[in-house]
Amino acid sequence: MKPRSVLIVGGSGFVGTHLAIRLRDELKVFTTDFRQPKRIRGVTSLAMPLLKPDEIKNTVLMTQADVVVYAAGSGSSKSSQEIEAINSSGALSVLAAASLLGSKFIYLSSAQVFDGAKGGYREVDAPVPADDLGKAKLAAENGIRTRGLNYLILRSSPVYGLGPASKPSITDRVLSDLCLGNPVELDDREVHSFAPVESLVEFIARSCVTEGARGILHHGGGEPCTLLELGRQLAQRFKLSPSLLRPKKSDGSGDPGKRDLTLNSSVAADLLKMQPLLLEQGFNLLEKQLLTARS
Ligand SMILES: NC(=O)c1ccc[n+]([C@@H]2O[C@H](COP(=O)([O-])OP(=O)(O)OC[C@H]3O[C@@H](n4cnc5c(N)ncnc54)[C@H](OP(=O)(O)O)[C@@H]3O)[C@@H](O)[C@H]2O)c1
């Protein structure tokens, strides 16, 4: 049956905001927020702390959503307990409530479930996380796989694009610092298949209505690079000075060295009829976001 409504948990975040805007003309959209409520035209926003299972259950049941997308997350600066609570325990509480409704559950996982020793990871490769975020994502994935009936675990590469006004994305920060002539330090050790945020939200939108979009799927762009390389290409494209971009210095503590965390997304490309985008294509979409933001 075609879904009529969606609940986006973490709908005030970077991905959640773009997703709500992409879906609001097709579906009844509910979003949840926590510290930074965000009002989006045509979208019903609800406050929902992720550390309170009773509140989670009541809120999810109240929406009667046909699809529940878990797009909540925590920045890397938080404690390992908080990272686990938001990325794993909170997700399993939401899954339990979504299962009572019989809703499809889409969980946003990431390439961090891999250790970066190989690169080009496929859905069948065994995850071996190297950090707290990867461990929390994998704990959630394992819980969903054992408890969920109708779920999609979507492992995405990092995405770029403009963030909500209250929470600038890395793209916002790089562009604004370069415009101001400030030097910017960016990671040069992890290779990722970066993709524009539009590609991720289109992937989720198609997964909401595609029966076969179940189990685990990978999402990424078609031109692997480090964040520093991405920043240089971005600077060139938007006629800013790439010379202000420097490799981020390692803090020396447990430095894992070079890691290749690229994802192979060919299974999803066939299923959802979406080819991984090249940087040039992603920058065209970013340019449109900048024009819309200025108008
Ligand atoms: N961005 C990427 O490149 C990327 C790539 C792969 C996977 N992902 C995954 O996608 C998800 C969303 O990423 P994002 O970049 O959009 O993150 P984000 O901008 O940091 O948004 C996180 C969301 O989680 C909510 N949240 C955080 N702590 C909460 C708590 N204790 N209780 C209730 N809500 C809480 C935030 O609410 P408030 O802001 O209102 O507090 C916000 O809506 C994350 O799980 C992330 O790991 C992201």
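Guide: α3 (80-101) passes α4 (132-147) in a right-handed crossing, a term used if the near helix is turned clockwise from the far one by less than a right angle, anticlockwise being left-handed. This is a predicted model, in which local features need pLDDT of at least 70 and side-chain atom pairs count only at pLDDT 80 or more, while totals for chains, interfaces and linings use all residues. Residues are numbered from 1 along each chain as its sequence is written.

Visitor: Why are α3 and α4 called roughly parallel to each other?
Guide: The axes, lines fitted to C-alpha atoms over the stretch in contact, with angles from 0 to 180 degrees between N-to-C directions, come within 9 Å and cross at roughly 15 degrees. Angles under 35 degrees count as roughly parallel, and α3 and α4 are therefore roughly parallel to each other.

Visitor: What makes β3 and β11 edge strands of the sheet?
Guide: The open sheet of seven strands has the order β3-β2-β1-β4-β5-β6-β11, with parallel pairing, where two strands pair if DSSP finds at least two bridges between them. β3 (44-47) and β11 (215-219) each have a single partner strand, so one side of each is left without a neighbour in the sheet.

Visitor: How do you know that β2 pairs with β3?
Guide: Four bridges join β2 (residues 28-33) to β3, against the required at least two, and the bridge partner of Asp33 is Ala47 in β3.

Key. Helix = DSSP H or I, 4+ residues; strand = E, 2+ residues; numbered from the N terminus. Parallel < 35°, antiparallel > 145°, perpendicular 65-115°, else oblique.
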